[in-house]
Amino acid sequence: MSLKQLTIFVENKQGTLVDITDALAKNDINIRALSIADTQDFGILRLIVTDYDKAEKTLTEEGYLVKCTEVVGVKIGDAPGKLSSALDVLDKEGINMEYLYAFMSRTEKHAYVVLRVADNAHAEKALEDAGFHLISDADINKL
Amino acid sequence: MEKRYFQKEIETMSVEEIKKLQSEKLVKQVKHVYENVEYYRSLMDEKGVKPEDIKGIEDLHKLPFLSKADLRDAYPYGLLAKPLDECVRIQSTSGTTGRRVIAFYTQKDIDLWEDCCARAIVAAGGTNKDVCQVAYGYGLFTGGPGLNGGSHRVGCLTLPMSSGNTERQIQFMMDLSATIICCTPSYAAYIGETLKEQGYTPDQIPLKAGIFGAEAWTEEMRQNIQETLGIKAYDIYGLTETSGPGVAFECEEQTGMHINEDHFLAEIIDPDTGEVLPEGTKGELVFTALDKEAFPLLRYRTRDICVLTRKPCSCGRTHIKMSKPMGRSDDMMIIRGVNVFPSQIETVLLQEGYQPNYQIIVDRKNNTDTFDVNVEMNPDQFTDTVGALTALEKSLAGAMKTMLGINPAVHLVPPKSIARSEGKAVRVIDKRKLV
């Protein structure tokens with residue numbers, strides 16, 4: 001079970017984000033979720049997209065520094081306390097988290113959380129054992 | 001292996017013979033300059049020196065110096081020693097450190113310049129069987145025309161590529177099996193990176209040697225280029241004021257550059273006092289052109305800091321060797337009171353596994369110098385967390401602090417985002433307005 005996140009190095013310069021999203025749009029790639037982390041010098045853009053391979057190829061050809069990061073995608077109910085229960089599982093297992101971000105499904109009433117943890121296999125097993133449903137690249141188009 | 005030279009009798013003549021030859025040429029040259037260059041005649045008159053006071057190289061120290069400032073004052077014709085109808089070409093400096101310098105050449109001046117470049121190519125193993133790709137800029141810049149002429153004299157098949165258009169450089173290099181490349185070291189490193197990205201391994205690259213000059217480069221950068229391209233990298237030295245590349249060049253020993261002493265008389269002086277320093281002492285390099293007709297500079301201060309040594313060389317050449325310049329007094333920055341040479345930054349980057357692509361930005365805010373270094377990120381080190389990238393910046397800044405004694409702010413920028421050198425790389429942007 002794996003979910004590929006497209007990680008892009010973004011120069012702290014006007015217009016960079018527009019150029020990236022434009023390039024994806026022109027190639028008919030939909031962004032399902034995103035998060036950006038920035039410092040004074042640079043930003044790191046993280047995307048979950050509908051066609052990972054095409055997105056990676058497009059941005060590499062445009063000259064961007066991109067990298068594939070394997071993350072964990074978890075389906076959680078759209079109700080108070082659901083995120084908390086998923087995070088509890090990781091906490092109890094002592095799994096450290098670097099960052100997370102969430103998105104909603106267009107078709108069903110569910111939220112999804114993208115987790116970046118130190119040990120994917122460990123987190124995936126713990127979440128599945130606790131009854132959570134994990135998503136993979138193949139699921140992204142259907143959500 | 002048989003030792004090869006372009007002009008054996010000159011390149012291997014005994015030191016006594018060289019000095020005798022230099023003395024004869026100097027006496028004639030001083031007379032030529034005194035008679036034809038009013039600007040220098042006034043400098044000599046001011047110092048009370050007459051041409052007849054110069055009887056040999058032992059009297060060289062009596063002559064006045066010329067500096068870049070003199071060249072600017074005398075622009076454009078003030079140092080010309082031949083009528084324009086005997087001149088056939090000009091070359092010019094980039095003008096990045098002030099007003100352009102224009103140098104004039106007679107056909108004989110061009111011939112001797114090209115001979116010097118040919119000596120460099122032969123010393124790098126070049127023969128008429130080689131394919132020599134000249135990727136220095138052509139035009140006013142001396143790099144392209146100089147090596148082009150030298151390559152013709154050796155009889156290499158010459159590819160007059162000029163700089164830039166890297167895709168085309170690689171296509172010609174591969175399709176025509178170029179064996180020697182001449183360009184700036186930073187461009188060589190860039191071509192190397194591009195070849196690597198395209199999946200070429202060093203043994204698939206036909207090159208065997210490279211002749212690199214026109215900008216400062218370090219021993220680490222040499223190793224880096226040699227490994228990426230699978231070649232032996234030779235240093236070459238020269239400046240427009242003295243003709244162009246080929247004033248000095250490296251042999252297979254790679255332990256300094258032989259100065260073409262039959263044409264150029266070298267001295268090392270104390271840059272502050274102008275006093276001539278003994279052989280083996282570090283100081284400013286000064287050149288006197290012994291054969292040049294149209295633009296014969298006497299005791300020209302290069303601003304390059306280096307050491308001269310005359311130890312016997314295993315290559316058989318007897319001409320004195322100059323070390324790689326350890327910095328130029330006009331490249332040197334004083335930041336927060338500390339002397340900083342761009343080559344030191346380059347050394348740190350190569351040691352830390354980065355490409356030597358960087359830009360130094362110095363400014364002054366609230367009466368304090370700011371010191372920023374933009375560094376192109378190594379793609380292998382890119383990760384998705386801010387913490388890891390900030391740690392890279394901090395560790396690089398720490399390594400620079402150890403080398404320089406002052407702490408720069410290091411900023412990672414995307415690969416290939418810093419403009420590459422077509423001629424010379426712009427490594428330093430000094431925004432300080434110091435009156």
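B:Asn165 is partly exposed, because 13 other C-beta atoms lie within 10 Å. By definition, a residue is buried with 20 or more other C-beta atoms within 10 Å of its own, exposed with 12 or fewer, and partly exposed in between, with C-beta atoms placed from the backbone. B:Asn165 sits in the loop between E4 and helix H7 (166–175) of chain B. Its phi is near 50 degrees, a positive value in a residue other than glycine. Helices (H or I, at least four residues) and strands (E, at least two) are DSSP runs, numbered from the N terminus.

This is a predicted model, in which local features need pLDDT of at least 70, side-chain atom pairs count only at pLDDT 80 or more, and totals for chains, interfaces and linings use all residues. Residues are numbered from 1 along each chain as its sequence is written, while chains are lettered from A and ligands numbered from 1 in the order in which they are written.

**Backbone features in loops**

B:Arg299 also has a positive phi, near 45 degrees, in a residue other than glycine. B:Arg299 belongs to the loop between strand E11 (283–289) and strand E12 (300–306) of chain B. B:Arg299 is buried, because 22 other C-beta atoms lie within 10 Å. A cis peptide bond runs from B:Tyr75 to B:Pro76, with omega near -10 degrees. B:Pro76 lies in the loop between helix H4 (68–73) and strand E1 (87–92) of chain B.

**Chain B overall**

Chain B holds 11 helices and 20 strands. Of its 435 residues, 46% are buried. Two residues are in contact if their C-beta atoms, placed from the backbone, lie within 7 Å. Among contacts in chain B between residues at least 6 apart in sequence, 68% join residues at least 24 apart.

**The nonpolar core**

A nonpolar core is a set of buried Ala, Val, Leu, Ile, Met, Phe, Trp, Tyr and Cys residues joined through C-beta atoms within 7 Å. The largest one has 140 residues; B:Ile121, B:Ile180, B:Cys182 and B:Ile211 touch the most other members. Helix H5 (residues 107–123) of chain B gives the largest share of this core, 9 residues. Beyond its neighbours within four places in sequence, B:Ile121 contacts residues including B:Cys132, B:Val154, B:Ile180 and B:Ile211. In soluble globular proteins, nonpolar side chains tend to be buried together.

Two strands pair if DSSP finds at least two bridges between them.

| Strand pair | Bridges | Example partners |
|---|---|---|
| E3(B) and E4(B) | 4 bridges, parallel | B:Val134 and B:Pro160 |
| E17(B) and E20(B) | 3 bridges, parallel | B:Ile360 and B:Val428 |

E3(B), helix H6 (residues 143–154) of chain B and E4(B) make a right-handed β-α-β unit. Right-handed here means that, with the strands pointing away from the viewer, the path from the first strand over the helix to the second runs clockwise.

**The four-stranded sheet**

In chain B, 4 strands form an open sheet of mixed pairing, in the order E19-E18-E17-E20. E19 and strand E20 (428–430) of chain B are the edge strands, each pairing on one side only. The twist averages 20 degrees from one strand to the next. Helix H10 (residues 342–351) of chain B packs on the sheet, touching E17, E18 and E20 of chain B, and makes about 130 degrees with E17(B). H11(B) lies across E18 and E19 of chain B, at about 135 degrees to E19(B). Axes are lines fitted to C-alpha atoms, for helices over the stretch in contact, and angles run from 0 to 180 degrees between N-to-C directions.

B:Pro379 lies in the loop between strand E18 (368–376) and H11 of chain B. Not counting residues up to four places away in sequence, B:Pro379 touches A:Leu65 and B:Pro415. B:Pro379 is partly exposed, because 15 other C-beta atoms lie within 10 Å.
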